[in-house]
Amino acid sequence: MDEQTAARKADTRAGTADVRAGKTDAPAGAADVRAGGDAPDAIALKVALASEHHLEGVPKIELARRHGLSRFQVARLLDEARAEGIVRIEVVDPTAAGRDLSPLAERLGISSVTVAVARPGEAPRAAIARQVAGLLLRHLREGGRLGVAWSRTLMHLPAALDALPAADIVQLVGPVSTAGHSTAQSSALVHELGARSGGQVWALPTPLIVDSPQVAASLRSMEEVRTALDAADGLDVATVSVGAWADGASTLWSRLRPAEQQRALDAGVAAEICGILLGESGAVWHSAVEDRVIGVRPDQLRRARVIAAIPAVGHPEAVLAAARSGLVDDIVLAPGLAEQVEALLG
């Protein structure tokens, strides 16, 4: 052992002996803490250490020098301060609440606009669903009735919800299939949410759109279909997805014949909600198509608090159409889409 190391160990032993014998020049509060007391001086010392360390950024070694303590004592006292509630650590996730765009909501004439900022590794649609879930929990009350539409975005809802208030669940549109997603996923969504809420589930066991008005009328006359459609009369809150009227941006688009797609485009259709086609002004476009759609009606949505997910970056016109329709109250957007809407408004 070299002389320097031996001297350092001898100093340490001497310091330890002094502490055991109560020989110290440290403040009285430090002595009380060493004795294990809960005296006011001991509490005051913990408060002082915690304040200087956490609020002022004073290193532990400097705290030890200031207060006549060892670094190990400082560390122990800071741990005790946290365990006793003197120190409370709060972690704030800036993505949790999304980015509130109140000025944009006011310009659009709706209650709120939220920009969904994705967390690391989170898909954009999942981020939007997470914000929709937060709004849903804010507005849905015990004993209420929740309407749910299916979409590639809203299928992420269950993962974003730990629990739901005791509420009934109503499926707003019939099952749809898209590339990579089966019709079973549409039905599974409402049943999974129903299991979370413990309420009654009104499933809609029909396609979103059928081949003819006659087939649609026949299906609507079935008791299970009729009761599900009627259940939407009493919606308190509804979650829907807004699609732009373009290939790949609307689940209804691919169900129409090319001539029908073009007629809707020529008529100025800009968006689709639950099979309801909307013009740029927000007006519902009435055509033969709606006679083939089986789902919630515009008047039923207008009576509910409707939270809309809009993932269609590149189609700000769909946002304007949805906001102007009077069908939605709260909109959750992808970041790029929010900027495009603001640019379109000028």
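Rings of Phe, Tyr and Trp (its six-membered ring) pair if their centres lie within 6.5 Å; planes under 30 degrees apart count as stacked, over 60 as edge-to-face and the rest as tilted. By this rule the count here is one aromatic pair. The ring centres of Trp245 and Trp253 are 5.1 Å apart and their planes stand at 65 degrees, so the pair is edge-to-face. Both Trp245 and Trp253 are buried, where buried means under 20% relative accessible area, exposed over 50% and partly exposed in between (1.4 Å probe, protein chains only).

The model is predicted: local features need pLDDT of at least 70, side-chain atom pairs count only at pLDDT 80 or more, and totals for chains, interfaces and linings use all residues. Residues are numbered from 1 along each chain as its sequence is written, and side-chain values use heavy atoms, with hydrogens and water left out.

The protein chain has 346 residues, of which 45% are buried. Its secondary structure comes to 15 helices and 10 strands; helices (H or I, at least four residues) and strands (E, at least two) are DSSP runs, numbered from the N terminus. Contact means heavy atoms within 4.5 Å. Among contacts between residues at least 6 apart in sequence, 68% join residues at least 24 apart.

The axes of helix α4 (residues 60-67) and helix α5 (residues 71-83) come within 8 Å and cross at roughly 105 degrees. Axes are lines fitted to C-alpha atoms, for helices over the stretch in contact, and angles run from 0 to 180 degrees between N-to-C directions. Angles under 35 degrees count as roughly parallel, over 145 as roughly antiparallel, 65 to 115 as roughly perpendicular and the rest as oblique; α4 and α5 are therefore roughly perpendicular to each other. Lys60, Ile61, Leu63 and Ala64 of α4 meet Arg71, Val74, Ala75 and Leu78 of α5.

Helix α3 (residues 40-55) packs with α5 at an angle of about 100 degrees, their axes 9 Å apart. These helices, α3 and α5, are therefore roughly perpendicular to each other. On the α3 side the contact is made by Leu45, Lys46, Leu49, Ala50, His53 and His54, and on the α5 side by Leu77, Leu78, Glu80 and Ala81.

Ile276 is buried, with a relative accessible area of 7%. Not counting residues up to four places away in sequence, Ile276 touches Ala271, Val284, Val296, Arg297, Pro298, Leu301 and Leu327.
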